[in-house]
Amino acid sequence: MSTFTKEMVEEYADKLLIGLTEEESDMVLSEFDTIDKNIDIINTIPNIEQVEPMSFCLDDFEVDLREDEIEESIKIEELLQNCDEVSDREIEVTKVVG
Amino acid sequence: MSYMDKSIKEIHKDLVQKKVSSQELIDESIKKSHEIQEKYNAFVTILDGAKPKEVTEELISGIPFGVKDNYSTKGILSTGSSNTLRDYIPFFNATSIENLLNKGAIIVNKTVLDEFGMGGTGTTGHTGIVKNPWNPLHMCAGSSAGSACAVAAGVYPYATGSDTGDSIRKPAAYCGIVGYKPTYGMISRYGLFPFASSLDHCGVLTRNVEDAAIVVNAMKGKDKNDMTTWDSSKIDLTKSLYENAKGKKLAYIKELCNIEYYKNADETLKKHLENFKNTLSICKELGIEVEEISIDEKLLNAIASTYVVISCAEATSNMSNLTGIIFGPREEGKNYVEMIKNYRTKNFSPLIKRRFVIGSYVLQKENKDRYFFNAQRVRRLLVDEWKKAFQKYDAIILPVGTGPAPLLKESKDVIDENTKALEEHLQVGNFGGFPSITIPNGFINNLPVGVNITGNCYEDEKVLNIAYQLENKMNYKNQIAKENNDEI
Amino acid sequence: MKYKALIGLEMHCEITGTNTKAFSSAKNSYSTTPNENVRPVDMAFPGTLPVVNKEAVKKALMASIILNCKQPEYIYFERKNYYYPDLPKGYQITQETKPAPVGIYGYLDYYVNEEQKRVRINNIHLEEDAASLDHKDSTSTIDYNRAGVPLLELVTYPDFKNAEEAVSFLETMRSIYQYTNISEGDSKKGQIRCDVNVSIMDENLDETKEENWGTKIEIKNVNSFSAVKDAINYEIKRQIEAKENGTYDEMEQQTRRWDDEKQETVYMRSKVDAIDYKYFIEPNIPKFKVRQEWLDEIRMLIPELPNERKEKYIKEYNINTKDAETIVKEKDISDYFEKCIKLNCEPKEASNWITTRLLGYLNKNDIKIKDIYMTPEMLTEICTNVKTGKISSQQAKEVFTLVLEENKSPEEIVKEKGFVQNSNEAEIIDLIQKVLDDNTEAVNDYKNGKTNIMGYLVGQVLKASQGKFNPGLTAKLLNEEIIKR
């Protein structure tokens, strides 16, 4: 039994700043059902909650940190070459309020 | 006389002996690129003006290659096969590409992928479907579809790929070539457009194992721009290839490989598993010990969902930079929210949008433990199972997928409830960052199939050694796709 | 009914003491030229990756140690996901309390009017700043110089009782950041930003029991210490009014913002509309082990902090508590003071000059001590000139002002103004005779035992000399001359 509803799908899509068609949100729901069922199975694995979640590929990997040395800034023409709305040295957008 | 269907060493030898020039290789590769583009739609960009380079002692010097279009290439359109970046021209090279270029390699084209690597069919790129060069009614699989297609069709000896679930290793199998992703962090991901950072690997598609070792040797290295890379300067991946594999130990998982685990198995699956068992016999002939191991089916069946939950969650965050503000075609809107929303709605394919919603859902505070953390827990359990096997065995050998490339018209990229663990097990290689290579091991219905060898982290040399020896004992090394439209 | 307030702070402070940004090797520096300090990752170009700056982590750990926090065994970073045009990646790299930020569960002692107080610290974490937006008529422009600048965010428990305590703590923290070279702590450059939370409860209830707490109101983006004070006072008043007019119970947990112009807090959103930031561990930054040796090394690097200096000033230099506190509040001031002392300036003299005239001048002109012309050497020179009698203290005040205003050295001013104190006995005696001649009445008074008239006469002589005579010498000679009459 899925806890995911169509309204929720739309709400999530909206928060992600994407719009979904009717068909697309239906599809999300059916895909989600599959995942939900599988998660139910996962939950039947004994003591699953005691397993430490794995966030990295190489779990035992430890790093050194970067030395605090400046690298040259990227040229302004390169920074802005892919931007469609530029004002002098800056990127321009519709006025941001609030 | 053609060169682009040869191995890197053969080409290099003739370049050194001046039997052929770098320019001639480029001409041949570009010409083939256009032919292949016409037939299979493998490329986003063909670089007609590619310039020759000096031939040095570097094996890849002066030789053309292809780059998956989710690698950042300086001054060259890099789209990720997405409309969101359909006009994006980076000002920097991905580190691994820079490494290849520094050794004298020449980019001749950028290859099509499933949008940002999120797909397994080669059908979701913004420039259209990529067709299988063995039979254009079939898919190449994805996401490195264009790279696999081009290498199989003999456009050049290698193309780069990326692999988050099986995106190098499955298209390699469907196209009858070699696909190799080394241990996580051996090749820098700097400049690779991210899909799911904790699963993303760079790698290569070639027509033989030795070429794969040569190319990854040239791509790899610790990178100050990627904290997850490590120093592999002492590792020469070609060194171990030629050693006798006798005495090596391989394991296969019975729940995945034995036909009795599949109720209502179709003929194709039967043939595929038979063919796999046949490959195991060849291993034994090489003096490799092969044993059966067992892994809890509950865990195996959880692979696909684990993958979907983790990869969608990371992807939805990774692709939040795609707003059209700094790069990408700007959309109109009366405020920034509308502007970004129009851009994302218009330019992302439906598949990606759906996955974003799922990724976002599983990360919500109230859902995170049940979905995201549980998936990360199963990830660990699966990796532990594989690592347990690696204590006893040098590598795990498994069939790739449930058979050869499906028909394009049957392609769907939805998360299917009936997805078999057999179809998705390569994802464990991404969960654990394991070195993993697919090599061709036969034909079913006139289409190639592949076998995969996966080893423990940092043990790339072992994996490549076994793959090389096995490849030599079979008849599919260096094969070029021959179109065959007969359906059997 | 009487009420008491519970106030907590979130203090964000830019780390300015590193060469590079938190996760990018771009220069970490305030700049008025837009997009001058930008590396690819600062604008989230596809495929770019964060790389953690060791120095930023070191500074964060130093703050964590000073705040008596527990440091983690491993450092992780997390993504906080939300969309805003100043956030190029669509997420901020930060640290949540799980798995563990650079510091957790600490405390800091600080002073309010010489009374020691303690605030408990929930956590301190390292994160990155966003880009800055400039607003024009119909558009906004984005400058990425600030994007990726390291930020330290510390979160206190609601241990402050009033605005004064909160502000005293913030001032103490700012001094600590300055002393440790973690930050310049300049709120005018937006380097310090605060969120404040305020709730009130009946005065006779036990505030250590959470169930007695009132509704927590969070106030966002309070960007100066005076605004912190005003916002807290406004909010306490607003909440008490709600209690008294019976609307308090309807008030929901909410986020407000401080409107500096209207001097009031304005409703933004309710707790139920809180954004879910979908935190998860940043997979591109592997865990980093914090070794004990490194922590020990960092601990050794912690310089003398303001409170320690204050103690020293009081005990060793006999400076009063108020002046000592004034001097240590800003590191640059305190450093200036210590430099003077190193140059053998009398501590009390230096302290007097600094706490009265120098700070007065800085405040009046709204400038920083490092921007003025007068060096500690110059101030010391002025003090020495007075001490040796080269110039009078009256002249010294003038010299002091002129050095600051005309950007000339004390020596030049003294020369220009002819401020050399005259100690030529013959000249002084000449003038004394003249003054005594003109004041025969006063001389008579003196002879009749009115010896306190002496001061008046000395004053007359000094006045006649236009302040150039050495006052001590003048008094001595006058004494000798008057007896002769």
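From the N terminus on, the elements of chain A follow the order α-α-α-β-β, giving 3 helices and 2 strands. Helices (H or I, at least four residues) and strands (E, at least two) are DSSP runs, numbered from the N terminus. Residues are numbered from 1 along each chain as its sequence is written, and chains are lettered from A and ligands numbered from 1 in the order in which they are written. This is a predicted model, in which local features need pLDDT of at least 70, side-chain atom pairs count only at pLDDT 80 or more, and totals for chains, interfaces and linings use all residues.

Chain A has a radius of gyration of 23 Å, whereas a compact globule of 98 residues would have one near 13 Å. That radius is taken over C-alpha atoms, and the globule rule is 2.2 Å times the number of residues to the power 0.38. Along the principal axes, the C-alpha atoms of chain A fill a box of roughly 55 × 45 × 25 Å. Of the 98 residues in chain A, 29% are buried (20 or more other C-beta atoms within 10 Å of a residue's own, with C-beta atoms placed from the backbone).

Chain A also touches chain B: 45 residues of chain A are in contact with 56 residues of chain B (C-beta atoms, placed from the backbone, within 7 Å). Helix 1 (6-15), helix 2 (22-43) and strand 2 (90-94) of chain A each supply at least two residues of this side. Helix 2 of chain A gives the most, with 13 residues.

As for confidence, the model scores ipTM 0.97 and pTM 0.90.

Definitions and conventions: Contact = placed C-beta atoms within 7 Å. Buried ≥ 20, exposed ≤ 12 C-beta atoms within 10 Å, placed from the backbone.
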